[in-house]
Amino acid sequence: MRSRPGNGLCFHYVHNCVMPSTRSWDIFCTVVDNYGDIGVCWRLARQLAAEHRLQVRLWVDDLASLARICPDILPGRDAQHSHGVEVRWWRAPFPAAEPADVVVEAFACNPPPSYVAAMVAKQPKPAWINLEYLSAEDWVRGCHALPSPHPSLPLVKHFFFPGFVAGTGGLLAEQGLAEARERFQRSAAEQARFWQDAGLPAPRAEELQVSLFCYAHAGIGALLRAWAAGGTRVRCLVPEGIATATLSAFFGTGSLAPGATLRKDGLEVRVFSFLDQDQYDRLLWACDFNLVRGEDSFVRGQWAARPLLWQIYPQQEGAHWPKLQAFLRLYCAGLPAEAAAAVTSLWQAWNQGEDSAVESAWLGYWEHRLVLQAHARHWAGQLAETGNLANNLAKFCENLLE
Ligand code: TRH
């Protein structure tokens, strides 16, 4: 028997009523690179366990990456529990494990053959989901929830696509997220506690707070120059290991350990140790402007209801460009034309990594800050209406299992 966290009770939906049941879920995650794969899976696993009281087992091949965003995790352990989730180290040889009622493979990561064989033998058959990457492109609505029969086995996989609009799976968002953010953004005491817990001094008056999470190729030098030379004081908060080459070159220093503070004219840069996911959310809520990347921090930046700049994960042959344009079309639809053009210029320049274009685009962008602030709040409210991914997925799987 596998060990089961929590009280073993979970719930399923029948005609919109929540009924007790005993569903188990297995989520499979391979870490291709960085933190986005495990970031999404960890957030989903925690939410399913906490809000749906499901018995969630997360199989991940790289515990060190998970430990970075959840410091409770001990790399090297085959099995451990955290936040109501059973975390299993996915490595060869794969142990004999009874498949769960619902099997989620994240980003087409292919569960082990022995596990798939056990899925075939299980009665009733598990619901099998391939959780896809996030994209704002139109085709997503047409592919969301489609079945894909296995070519040789009596199993059917369903595609589940996150998205920004009705007809997609929605975005990950915990219950009460908007309320928690609003409370935090209104409460000086909560913010003071956050800065203290994060080991960062509280902001100074009239100082713009910026968080910076980006890939190495970003045109960061241009932004640093613009912030240093601008009329407003800027404090830029950077996680350890991010943008190190550019920061060292700009400030002429080698030390970028957590706690390092670098100053030039009106700009101060502070390096911090990676925060856990919940604290990272608070950082985004506390900042006036957030630079985010990949998938999960991009979504959390939107939930922060603050202006943001997204660096999309670069793909071969420029496959990421249509995705960026598709999102910009959606995001800018509700903006006045000049502000929309400013957002588009900055996001494009940033993603092209063109230093000189970034510098002038930033100045044009920040002129619209009041409009952009209001828009960010409105956008977060609009997204919330699409429903959240964990709920949508739980309902979808219940229907498959009925
Ligand atoms: O790390 P990312 O670039 O991740 C990815 C991967 O490259 C992946 O292969 C690719 O497919 C995907 O992007 C699109 O960026 P992302 O998605 O934002 O993930 C970062 C995670 O790290 C996210 O869950 C937030 C978390 N995080 C913390 O918990 N604490 C921190 O201090 C920081 C900076 C991030």
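**View 1. Composition of the shell around the ligand.** By class, the shell around the ligand holds eleven nonpolar, six polar and six charged residues; Ala, Val, Leu, Ile, Met, Phe, Trp, Tyr, Cys and Pro count as nonpolar, Asp, Glu, Lys and Arg as charged, and the others, Gly among them, as polar. The model is predicted: local features need pLDDT of at least 70, side-chain atom pairs count only at pLDDT 80 or more, and totals for chains, interfaces and linings use all residues. Residues are numbered from 1 along each chain as its sequence is written, and side-chain values use heavy atoms, with hydrogens and water left out. The ligand is surrounded by 23 residues, the closest being Asp33, Tyr215, Leu275, Asp296 and Ser297 (a heavy atom within 4 Å of the ligand).

View 2. A polar backbone atom of Leu275 lies 2.7 Å from a nitrogen atom of the ligand (polar contact: a pair of N or O atoms within 3.5 Å). The protein buries 97% of the 700 Å² that the ligand exposes when taken alone (Shrake-Rupley method, 1.4 Å probe).

**View 3. Helices at the ligand.** Helix H1 (36-51), helix H9 (277-286) and helix H10 (296-303) are the elements that give two or more residues to the shell around the ligand; helices are DSSP runs of H or I, at least four residues, numbered from the N terminus. H1 gives the most, with three residues.

Note on methods. Polar contact = N/O pair within 3.5 Å; in protein donor to acceptor, adjacent residues only side chain to side chain.
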